[in-house]
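Have it open beside you while you read.

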Amino acid sequence: MLNLDRHRMPSKILQLTDLHLMADRNAVLKGVNTRNTLIDVLRFAREQDESDECEFDFILLTGDLAHDEQLATYEQLRELLGDWVSRCRLIPGNHDDRASIRKVFPELVLANAEFITFSEETAGWRLIGLDSHVDGEVYGRIDNTQLDWLATELSTHIAQPTILFIHHPPVPVNSAWLDRIGLHNAKALIEVVRSCSQIRAICTGHVHQEFSEILQGVQILTTPSTGVQFLPHQDELICDSIPPGFRIFRLDGGVFESHVVRLPDKPSAPVPRK
Ligand SMILES: [Fe+2]
Ligand SMILES: [Fe+2]
(Lines give C-alpha, C1' and ligand atoms only; values in the text may rest on other atoms or scores of the structure.)
(Ligands and ions follow the chains in the order given, each with its own letter.)
Protein backbone atom coordinates (compact mmCIF):
# COMPACT_ATOMS: atom_id res chain seq x y z
CA MET A 1 0.00 0.00 0.00
CA LEU A 2 1.35 3.42 -0.96
CA ASN A 3 2.04 5.78 1.90
CA LEU A 4 0.79 9.10 0.55
CA ASP A 5 1.65 11.17 3.59
CA ARG A 6 1.13 14.75 2.37
CA HIS A 7 2.62 16.04 5.61
CA ARG A 8 6.04 14.80 4.47
CA MET A 9 5.83 16.04 0.87
CA PRO A 10 7.06 19.52 -0.13
CA SER A 11 4.41 22.02 -1.11
CA LYS A 12 4.37 24.81 -3.67
CA ILE A 13 2.15 27.86 -3.22
CA LEU A 14 1.36 30.68 -5.64
CA GLN A 15 0.41 34.15 -4.37
CA LEU A 16 -1.38 36.54 -6.70
CA THR A 17 -2.24 39.99 -5.40
CA ASP A 18 -3.69 43.35 -6.36
CA LEU A 19 -5.29 42.23 -9.59
CA HIS A 20 -7.45 45.40 -9.77
CA LEU A 21 -9.59 43.76 -12.42
CA MET A 22 -12.39 45.85 -13.97
CA ALA A 23 -15.66 44.78 -15.59
CA ASP A 24 -14.92 46.94 -18.65
CA ARG A 25 -12.42 44.82 -20.55
CA ASN A 26 -10.86 47.89 -22.15
CA ALA A 27 -10.48 49.88 -18.93
CA VAL A 28 -7.00 50.91 -17.88
CA LEU A 29 -5.60 51.80 -14.46
CA LYS A 30 -2.58 54.14 -14.48
CA GLY A 31 -2.09 53.26 -18.14
CA VAL A 32 -2.27 49.49 -17.54
CA ASN A 33 -5.00 47.18 -18.81
CA THR A 34 -5.15 45.06 -15.68
CA ARG A 35 -7.19 42.35 -17.40
CA ASN A 36 -4.47 41.83 -20.01
CA THR A 37 -1.66 41.77 -17.45
CA LEU A 38 -3.62 39.29 -15.32
CA ILE A 39 -4.10 37.04 -18.35
CA ASP A 40 -0.33 37.24 -19.03
CA VAL A 41 0.48 36.50 -15.39
CA LEU A 42 -1.91 33.54 -15.25
CA ARG A 43 -0.48 32.13 -18.48
CA PHE A 44 3.09 32.48 -17.19
CA ALA A 45 2.23 31.02 -13.78
CA ARG A 46 0.42 28.10 -15.44
CA GLU A 47 3.55 27.33 -17.44
CA GLN A 48 5.46 27.12 -14.17
CA ASP A 49 2.69 25.04 -12.61
CA GLU A 50 2.82 22.49 -15.40
CA SER A 51 6.56 22.38 -16.11
CA ASP A 52 7.76 21.97 -12.51
CA GLU A 53 7.99 18.67 -10.65
CA CYS A 54 5.01 19.59 -8.46
CA GLU A 55 1.89 21.66 -9.00
CA PHE A 56 0.75 24.57 -6.86
CA ASP A 57 -1.11 23.12 -3.89
CA PHE A 58 -2.80 26.44 -3.27
CA ILE A 59 -3.24 29.67 -5.22
CA LEU A 60 -3.68 32.50 -2.73
CA LEU A 61 -5.33 35.72 -3.87
CA THR A 62 -4.53 38.39 -1.33
CA GLY A 63 -6.91 41.23 -2.06
CA ASP A 64 -7.77 44.07 -4.40
CA LEU A 65 -9.13 41.39 -6.70
CA ALA A 66 -11.49 43.92 -8.27
CA HIS A 67 -10.90 47.63 -8.72
CA ASP A 68 -14.51 48.58 -9.38
CA GLU A 69 -16.32 46.38 -6.79
CA GLN A 70 -18.64 45.11 -9.56
CA LEU A 71 -20.18 41.64 -9.38
CA ALA A 72 -19.37 41.17 -13.09
CA THR A 73 -15.69 41.73 -12.35
CA TYR A 74 -15.59 38.83 -9.88
CA GLU A 75 -17.46 36.67 -12.41
CA GLN A 76 -14.78 37.49 -14.98
CA LEU A 77 -12.08 36.64 -12.45
CA ARG A 78 -13.67 33.26 -11.80
CA GLU A 79 -13.72 32.62 -15.54
CA LEU A 80 -10.05 33.60 -15.90
CA LEU A 81 -9.01 31.33 -13.00
CA GLY A 82 -10.79 28.41 -14.68
CA ASP A 83 -9.89 25.02 -13.22
CA TRP A 84 -7.67 26.71 -10.62
CA VAL A 85 -10.67 27.89 -8.59
CA SER A 86 -10.81 24.81 -6.34
CA ARG A 87 -7.16 25.38 -5.38
CA CYS A 88 -7.72 29.10 -4.73
CA ARG A 89 -8.12 30.71 -1.33
CA LEU A 90 -8.79 34.40 -1.06
CA ILE A 91 -9.00 37.39 1.24
CA PRO A 92 -10.31 40.87 0.40
CA GLY A 93 -8.37 44.11 0.02
CA ASN A 94 -9.55 47.66 0.45
CA HIS A 95 -11.01 47.74 -3.08
CA ASP A 96 -13.05 44.56 -2.68
CA ASP A 97 -16.70 43.89 -1.98
CA ARG A 98 -17.29 40.98 0.40
CA ALA A 99 -20.86 40.39 -0.78
CA SER A 100 -19.73 39.96 -4.41
CA ILE A 101 -16.89 37.64 -3.39
CA ARG A 102 -19.35 35.52 -1.39
CA LYS A 103 -21.74 35.37 -4.34
CA VAL A 104 -19.17 34.41 -6.98
CA PHE A 105 -16.88 32.18 -4.89
CA PRO A 106 -19.31 30.56 -2.40
CA GLU A 107 -17.21 27.41 -1.98
CA LEU A 108 -14.16 29.48 -0.93
CA VAL A 109 -15.94 31.47 1.77
CA LEU A 110 -17.23 30.26 5.13
CA ALA A 111 -21.01 30.59 5.27
CA ASN A 112 -22.36 33.16 7.74
CA ALA A 113 -18.88 34.41 8.63
CA GLU A 114 -18.50 38.17 8.94
CA PHE A 115 -14.98 38.12 7.51
CA ILE A 116 -13.40 36.29 4.59
CA THR A 117 -10.50 34.27 5.94
CA PHE A 118 -8.89 30.89 5.41
CA SER A 119 -6.83 28.39 7.38
CA GLU A 120 -5.28 25.49 5.48
CA GLU A 121 -2.66 22.83 6.10
CA THR A 122 -0.13 21.79 3.49
CA ALA A 123 3.10 19.80 3.91
CA GLY A 124 2.83 20.17 7.67
CA TRP A 125 2.60 23.98 7.34
CA ARG A 126 -0.39 26.17 8.16
CA LEU A 127 -1.47 28.98 5.85
CA ILE A 128 -3.80 31.53 7.45
CA GLY A 129 -5.49 34.38 5.57
CA LEU A 130 -6.85 37.39 7.48
CA ASP A 131 -9.42 39.94 6.34
CA SER A 132 -8.18 43.53 6.79
CA HIS A 133 -10.85 45.24 4.66
CA VAL A 134 -12.58 48.25 6.28
CA ASP A 135 -15.68 49.49 4.47
CA GLY A 136 -15.07 52.84 2.77
CA GLU A 137 -11.43 53.08 3.84
CA VAL A 138 -8.11 52.52 2.09
CA TYR A 139 -6.24 51.56 5.26
CA GLY A 140 -6.65 48.14 6.85
CA ARG A 141 -7.64 46.84 10.26
CA ILE A 142 -8.09 43.42 11.85
CA ASP A 143 -10.72 43.55 14.56
CA ASN A 144 -10.55 41.77 17.93
CA THR A 145 -12.93 38.97 16.88
CA GLN A 146 -10.53 38.01 14.12
CA LEU A 147 -7.47 38.36 16.34
CA ASP A 148 -9.15 35.99 18.83
CA TRP A 149 -9.88 33.55 15.98
CA LEU A 150 -6.24 33.82 14.89
CA ALA A 151 -5.00 33.09 18.43
CA THR A 152 -7.28 30.03 18.60
CA GLU A 153 -6.08 28.74 15.20
CA LEU A 154 -2.48 29.18 16.27
CA SER A 155 -2.93 27.42 19.61
CA THR A 156 -4.88 24.57 17.94
CA HIS A 157 -2.08 24.02 15.41
CA ILE A 158 0.86 24.96 17.59
CA ALA A 159 3.23 22.38 16.04
CA GLN A 160 2.74 23.67 12.48
CA PRO A 161 5.06 26.37 11.13
CA THR A 162 2.73 29.10 9.88
CA ILE A 163 2.57 31.84 7.26
CA LEU A 164 0.02 34.64 7.64
CA PHE A 165 -1.45 36.31 4.57
CA ILE A 166 -3.04 39.76 4.89
CA HIS A 167 -3.78 42.43 2.29
CA HIS A 168 -2.31 45.35 4.27
CA PRO A 169 1.32 45.18 5.47
CA PRO A 170 1.83 45.45 9.26
CA VAL A 171 5.09 47.44 8.90
CA PRO A 172 6.10 50.62 7.04
CA VAL A 173 7.53 49.99 3.58
CA ASN A 174 9.33 53.35 3.52
CA SER A 175 6.96 55.19 1.21
CA ALA A 176 5.17 57.94 3.16
CA TRP A 177 1.90 57.77 1.21
CA LEU A 178 1.65 53.97 1.55
CA ASP A 179 2.69 53.93 5.19
CA ARG A 180 -0.33 56.12 6.02
CA ILE A 181 -2.68 53.49 4.59
CA GLY A 182 -1.19 50.27 5.97
CA LEU A 183 -2.57 48.06 8.73
CA HIS A 184 -3.71 50.57 11.37
CA ASN A 185 -3.76 48.18 14.32
CA ALA A 186 -0.55 46.38 13.41
CA LYS A 187 0.55 46.52 17.07
CA ALA A 188 -2.30 44.23 18.13
CA LEU A 189 -1.38 41.73 15.40
CA ILE A 190 2.29 41.87 16.33
CA GLU A 191 1.34 41.09 19.96
CA VAL A 192 -0.33 37.86 18.79
CA VAL A 193 2.63 37.04 16.54
CA ARG A 194 5.09 37.62 19.37
CA SER A 195 3.27 35.11 21.57
CA CYS A 196 3.31 32.37 18.89
CA SER A 197 6.73 31.16 17.86
CA GLN A 198 5.40 29.05 14.95
CA ILE A 199 4.78 32.11 12.73
CA ARG A 200 7.61 32.21 10.20
CA ALA A 201 6.34 34.86 7.79
CA ILE A 202 3.66 37.47 7.15
CA CYS A 203 3.04 38.05 3.47
CA THR A 204 0.91 40.87 2.06
CA GLY A 205 -0.05 42.84 -1.02
CA HIS A 206 -1.47 46.41 -1.17
CA VAL A 207 1.84 48.19 -1.82
CA HIS A 208 2.30 46.93 -5.41
CA GLN A 209 6.01 46.31 -4.93
CA GLU A 210 8.41 43.73 -3.54
CA PHE A 211 9.61 44.41 -0.01
CA SER A 212 11.22 42.29 2.69
CA GLU A 213 12.33 42.75 6.27
CA ILE A 214 12.70 40.71 9.45
CA LEU A 215 10.52 41.74 12.38
CA GLN A 216 11.24 39.95 15.66
CA GLY A 217 12.40 36.86 13.80
CA VAL A 218 9.41 36.86 11.43
CA GLN A 219 9.95 37.44 7.71
CA ILE A 220 7.71 40.26 6.45
CA LEU A 221 7.16 40.09 2.69
CA THR A 222 5.15 42.07 0.19
CA THR A 223 4.42 40.96 -3.35
CA PRO A 224 4.10 42.91 -6.62
CA SER A 225 0.71 43.45 -8.23
CA THR A 226 -0.35 41.42 -11.26
CA GLY A 227 -0.96 44.85 -12.86
CA VAL A 228 0.20 48.33 -11.86
CA GLN A 229 3.55 48.65 -10.04
CA PHE A 230 4.47 51.39 -7.53
CA LEU A 231 7.97 52.84 -7.36
CA PRO A 232 9.48 52.13 -3.89
CA HIS A 233 10.70 54.83 -1.48
CA GLN A 234 8.38 57.63 -2.61
CA ASP A 235 6.38 60.28 -0.73
CA GLU A 236 3.56 60.06 -3.25
CA LEU A 237 2.27 57.58 -5.81
CA ILE A 238 4.67 57.18 -8.73
CA CYS A 239 4.21 54.22 -11.05
CA ASP A 240 7.06 51.89 -11.83
CA SER A 241 7.43 50.34 -15.29
CA ILE A 242 8.91 47.12 -13.88
CA PRO A 243 6.81 44.16 -15.09
CA PRO A 244 3.92 42.67 -13.12
CA GLY A 245 4.62 39.59 -11.04
CA PHE A 246 3.67 37.10 -8.37
CA ARG A 247 5.29 35.16 -5.53
CA ILE A 248 6.03 31.46 -5.17
CA PHE A 249 6.56 29.68 -1.85
CA ARG A 250 8.17 26.27 -1.42
CA LEU A 251 7.52 24.63 1.93
CA ASP A 252 9.63 21.63 2.82
CA GLY A 253 9.99 20.26 6.32
CA GLY A 254 10.45 23.19 8.66
CA VAL A 255 11.97 25.38 5.93
CA PHE A 256 10.38 27.74 3.45
CA GLU A 257 11.79 29.48 0.39
CA SER A 258 10.00 32.33 -1.36
CA HIS A 259 10.75 34.42 -4.40
CA VAL A 260 9.06 36.92 -6.70
CA VAL A 261 8.66 36.07 -10.37
CA ARG A 262 8.01 38.84 -12.90
CA LEU A 263 6.78 38.64 -16.46
CA PRO A 264 9.83 38.38 -18.74
CA ASP A 265 8.66 40.31 -21.77
CA LYS A 266 8.80 43.88 -20.50
CA PRO A 267 11.69 46.18 -19.56
CA SER A 268 13.03 45.57 -16.06
CA ALA A 269 13.99 49.18 -15.34
CA PRO A 270 11.78 52.27 -15.13
CA VAL A 271 11.22 53.88 -18.53
CA PRO A 272 10.53 57.63 -18.69
CA ARG A 273 7.02 58.46 -19.91
CA LYS A 274 6.80 60.29 -23.22
FE1 LIG B 1 -3.89 47.32 -4.71
FE1 LIG C 1 -4.94 47.69 -1.48
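This is a predicted model: local features need pLDDT of at least 70, side-chain atom pairs count only at pLDDT 80 or more; totals for chains, interfaces and linings use all residues.

1. Six strands make it up, with mixed pairing, and their order is E4-E5-E6-E7-E9-E8. At the edges sit strand E4 (118-122) and strand E8 (211-215), each of which pairs on one side only. On average, neighbouring strands in this sheet are turned by 15° against each other, direction ignored.

2. For a closer look at one pairing, take strand E7 (residues 199-204) and strand E9 (residues 218-222). These two pair in the parallel sense, over four bridges.

3. Which helix lies across E4, E5, E6 and E7? That's helix H4 (residues 144-156), and it runs at about 175° to strand E5 (125-129). Asp148 is part of helix H4. With a relative accessible area of 52%, Asp148 counts as exposed, because the cut-off for that is over 50%. As a distance check, the C-alpha atoms of Asp148 and Ala113 are separated by 14 Å, and the two residues are 35 apart along the chain.

4. Another pairing worth a look is E1 with E2. The two strands run parallel and are joined by five bridges. One of the contacts to look up is Lys12, which has Phe56 as its bridge partner in E2. Seven of the seven residues of E2 are buried, so the strand is largely enclosed by the rest of the structure.

5. Now the metals, beginning with the iron ion (ligand 1). Its protein donors are Asp18 (OD), His20 (NE2), Asp64 (OD) and His208 (NE2), at 2.1 to 2.3 Å. Along the chain, these donors follow the spacing D-x1-H-x43-D-x143-H. The angles among the four donor atoms run from 88 to 176°, and the site is irregular.

6. Where do Asp18 and Asp64 lie? Asp18 is in the loop between strand E1 (11-16) and helix H1 (34-51), while Asp64 is in the loop between E2 and H2, so this pair links distant parts of the chain, 46 residues apart. Both side chains are well covered in the accessibility numbers: Asp18 is buried at a relative accessible area of 0%, and Asp64 is buried at 2%.

7. On to the iron ion (ligand 2). Its protein donors are Asp64 (OD), Asn94 (OD1), His167 (NE2) and His206 (ND1), and they lie 2.1 to 2.2 Å from the ion. The spacing along the chain is D-x29-N-x72-H-x38-H.

8. What bridges the two iron ions? Asp64 does, and the ions lie 3.4 Å apart. Asp64 lies in the loop between strand E2 (56-62) and helix H2 (71-81), whereas His167 is in the loop between E6 and helix H5 (176-179), so the pair ties together parts that are 103 residues apart in sequence. Asp64 and His167 are both buried.

9. Last, the aromatics: the structure holds seven aromatic pairs. One of them is Phe118 with Phe165, which is a tilted pair because the ring centres are 6.4 Å apart and the planes are at 35°. Phe118 belongs to strand E4 and Phe165 to strand E6, so this pair links distant parts of the chain, 47 residues apart. Phe118 and Phe165 are both buried.

10. Compare that with Trp177 and Phe230, an edge-to-face pair with 5.1 Å centre to centre and 65° between the planes. Trp177 lies in helix H5 and Phe230 in strand E10 (residues 229-230), so the pair ties together parts that are 53 residues apart in sequence. Trp177 is buried, with a relative accessible area of 14%, and Phe230 is also buried, at 9%.

11. One more thing to look at on the aromatic side: ring pairs link Phe118, Trp125, Phe165, Phe249 and Phe256 into a cluster.

How values were computed:
Residues are numbered from 1 along each chain as its sequence is written. Chains are lettered from A and ligands numbered from 1 in the order in which they are written. Side-chain values use heavy atoms; hydrogens and water are left out. Two strands pair if DSSP finds at least two bridges between them. Axes are lines fitted to C-alpha atoms, for helices over the stretch in contact, and angles run from 0 to 180 degrees between N-to-C directions. Contact means heavy atoms within 4.5 Å. Donors are N, O and S atoms within 2.8 Å of the metal (3.2 Å for Na, K and Ca); water is not among the atoms, so sites may look incomplete. Buried means under 20% relative accessible area, exposed over 50%, partly exposed in between (1.4 Å probe, protein chains only). Rings of Phe, Tyr and Trp (its six-membered ring) pair if their centres lie within 6.5 Å; planes under 30 degrees apart count as stacked, over 60 as edge-to-face and the rest as tilted. Four donors count as tetrahedral if all angles lie between 85 and 135 degrees; four count as square planar and six as octahedral if opposite donors are over 155 degrees apart and all others between 65 and 115; anything else is irregular.
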